[in-house]
Amino acid sequence: MTAAAEDADINGQVYRHCLRATAASYHAYQGVVPVPLQALMGWHDLATAQNYIRISGRATADALRQVHHQ
């Protein structure tokens, strides 16, 4: 992991859990729904996937676009 961070010119500490959280957030923002996100990340609790989706703001943005037809 250290070598990959150096190759990417990332300064500071890089942790596995941080990278997993970034991947989960990215996929949630891209519109992956809770059950597939849960399966992808290997979580036992569906609520964890729902939290990432809620935090991403994607659902809110989609709902506002539907209301305003944009």
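The following questions and answers concern a predicted model of one protein chain.

User: On what conventions do the numbering and the values rest?
Analyst: Residues are numbered from 1 along each chain as its sequence is written, and side-chain values use heavy atoms, with hydrogens and water left out. As this is a predicted model, local features need pLDDT of at least 70 and side-chain atom pairs count only at pLDDT 80 or more, whereas totals for chains, interfaces and linings use all residues.

User: In what order do the elements of the protein chain run?
Analyst: Helices (H or I, at least four residues) and strands (E, at least two) are DSSP runs, numbered from the N terminus. The protein chain holds 5 helices and 0 strands. From the N terminus on, the order is α-α-α-α-α.

User: What radius of gyration does the protein chain have, beside that of a compact globule of 70 residues?
Analyst: The radius is taken over C-alpha atoms, and the globule rule is 2.2 Å times the number of residues to the power 0.38. The C-alpha atoms fill a box of roughly 45 × 30 × 15 Å along the principal axes. A compact globule of 70 residues would be near 11 Å, but the protein chain has 15 Å.

User: What percentage of the residues in the protein chain is buried?
Analyst: Buried means under 20% relative accessible area, exposed over 50%, and partly exposed in between (1.4 Å probe, protein chains only). Of the 70 residues in the protein chain, the buried ones make up 14%.

User: Is A39 buried or exposed?
Analyst: A39 lies in helix α3, which spans residues 34-41. Its C-alpha atom is separated by 28 Å from that of A8, 31 residues apart along the chain. Because its relative accessibility is 60%, A39 counts as exposed.

User: Which residues does Q38 touch, not counting those up to four places away in sequence?
Analyst: Q38 lies in helix α3 and, at 16% relative accessibility, counts as buried. Contact means heavy atoms within 4.5 Å. On that basis Q38 touches W43, H44, D45, L46 and A49.

User: How are the rings of W43 and Y52 arranged as a pair?
Analyst: Rings of Phe, Tyr and Trp (its six-membered ring) pair if their centres lie within 6.5 Å; planes under 30 degrees apart count as stacked, over 60 as edge-to-face and the rest as tilted. The structure holds 1 aromatic pair. The rings of W43 and Y52 have their centres 5.2 Å apart and their planes at 10°, so the pair is stacked.

User: Which residues are in contact with A28, leaving aside its neighbours within four places in sequence?
Analyst: A28 has its place in helix α2 and is buried, with a relative accessible area of 2%. The C-alpha atoms of A28 and Y52, 24 residues apart along the chain, are separated by 6.2 Å. The contacts of A28 are L37, Y52, I53, S56 and R58.

User: What phi does D9 have?
Analyst: Most residues other than glycine have a negative phi. D9 is found in the loop between α1 (2-7) and α2 (16-29), and D9 is exposed, with a relative accessible area of 63%. Although D9 is not a glycine, its phi is positive, at about 60°.
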